[in-house]
Amino acid sequence: MCDICNILPLLSSSVVLRPYQQACLDACHAALNAGATRIGVSMPTGAGKTTVFTTLLSQIPSPKQSPRASRSLIIVNSAELARQAAAHAEATNSNWKVEIEQGTKHEATGLADVTIATYQTLLQPRRLAKFRPEDLKAIIVDEAHHAAAPSYRRILSHFDPSIKNPDPSFEPPNPPHLIPIIGFSATFSRHDGLALGSVFERIVYHRDFLEMIKEQWLCDVRFTSVRANIDLQGVTVNRRTGDFNATSLAHIINTDTVNNLVVRAWLDRASDRKSTLVFCVNLAHVRQLTRTFQDFGVEARYLYSGTPANERRALITDFKAGSYPVLVNCAILTEGADIPNIDCVVIARPTRSRNVFSQMIGRGMRQSPATGKVDCRIIDFVGSTSRVSGVVSIPTLFGLDPSEVINDEDLTGLEARALPLLAEDIPEPKSVTYLDYEDPFALVDSFSGAPHISRLSPNAWVGCGKDIHILECLGKGYIRIEPVPEDGGEHSS
């Protein structure tokens, strides 16, 4: 019997796992027992991945060759996520000593059973040196799609010699045992071309959010695509990330014309919603769109990276309590925000990043029966058939024009295009069309997705039409399957 199986009866029963969470744990145990040490788990927002990885840490034993290696390190990318993970860890095992390593407010000893650390803090050599490889039994990387970035590899290479440090003079460690490094993310891919395979060997468990909705682990979702005359052809593209440059994009999006359209569409389709979260391009857009909501008589507030911590907590607390209906933000609540009562998400900024788009809509997918939430309305403002190549939207996420989602290669040509038109030159839209999707499964089945493949394989295959299917491989490339013609001219797979 495996070491992990021996300790399972000793664990606290205070955490009740959902069936898919247990299946995820089983997949992780199987991979680790088979010898894998760098594995990834793909679970959608709202699936309870923090519960899964804290439970997993309680089940991973110390390695036989290093019986004193009993500590665990959880790496996160924000103070909010650090606090959430610490609370989950304490709930998972009341006997654990749990500490946070973050900024100037939280300095851990390095001796706790579980330490939650922000990657920004661990980039300081003194803070990283507290965590010795010989003392660790496991490392968790939350929001693991960031793990291929140079900053994360500077940290992870400290614990695993097979992870390449970007500094040529770095001397790899020689730990007495291989430390399992387990990454969790809702969006296990990168838009900037960096290969996650440089950190993780394979993804051992994948769960699609449509499955979660169908099984009622996530709330029902209603989609509205707003088609309007918004021209993105001149918007420049960041060569590193592959997404739109915020300043260039704001020239097109942050105008009276478009802001009025956003608010009017919200009044038409979502004015009865209790808690709407709006995503904007930059700070100027956040402030202007908030004022536009207010000019229409809607109580709206905003937050951004410069909002003081106390004010930010108060804004979010009031929003959770339903004290006001609209919260506008820019890139602050994309990851790690646990606000279950959100029943409407307004995407007032186009993006070329599938990760960013998935994270934005994921903010509204948590169940919240205590607040009377039945479903979440997603409103997308780039639902135009004339959009530039690569823009991710509701239809592309569900199988419409999937080639645009995966064909993001010509970044140099896009960035070299002319600067966008001045804001005052943006024409009034001649017409606006709403497309309401009451049933997301009907949306998937109606277009060139891969509903039949999803029933045959647990992997995230994307249907491209004509029986062609694509599977992304951790940023290193794609697997493509398609019918092959036989000599007689007929096709076989």
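Predicted model: local features only at pLDDT ≥ 70, side-chain atom pairs only at ≥ 80, totals over all residues.
Visitor: Fine, how many bridges link β2 and β5, and in which sense do they pair?

Guide: Five, in the parallel sense. Here β2 covers residues 71-76, while β5 covers residues 136-142.

Visitor: Which other strand pairs with β2?

Guide: Strand β4, residues 114-118, pairs with β2 in the parallel sense, over five bridges. To find your place there, look for I75, whose bridge partner in β4 is A117.

Visitor: Is β2 mostly covered or mostly open?

Guide: Mostly covered: five of its six residues are buried.

Visitor: Now for side chains. Which way do they point along a strand?

Guide: In a regular strand they alternate between the two faces of the sheet.

Visitor: Which strands does β12 pair with?

Guide: β9, residues 276-279, runs parallel to β12 and is joined to it by four bridges. Strand β13, residues 375-380, also pairs with β12 in the parallel sense, over four bridges. V346 is a handy landmark: V278 stands opposite V346, and in β13 the bridge partner of V346 is I379.

Visitor: What sort of unit do β12, α13 and β13 make?

Guide: A right-handed β-α-β unit, with helix α13 spanning residues 354-362. To check the hand yourself, point the strands away from you and trace the path from the first strand over the helix to the second; clockwise means right-handed.

Visitor: On to rings. How many aromatic pairs does the structure hold?

Guide: Six. One of them is F319 with Y324, a tilted pair at 5.6 Å centre to centre, with 35° between the planes.

Visitor: Why do F319 and Y324 count as buried?

Guide: The cut-off is under 20% relative accessible area. F319 is buried because its value is 0%, and Y324 is buried because its relative accessibility is 1%.

Visitor: Last one: which ring does the charged end of R287 sit over?

Guide: The ring of Y304, at 5.7 Å from its centre.

Technical notes: Residues numbered from 1 in each chain as written. Heavy atoms only, no water. Buried < 20%, exposed > 50% of the residue type's maximum accessible area, 1.4 Å probe, protein only. Helix = DSSP H or I, 4+ residues; strand = E, 2+ residues; numbered from the N terminus. Pairing = 2+ DSSP bridges. Phe/Tyr/Trp six-rings, centres within 6.5 Å; stacked < 30°, edge-to-face > 60°. Lys NZ or Arg CZ within 6 Å of the ring centre and 35° of its normal.
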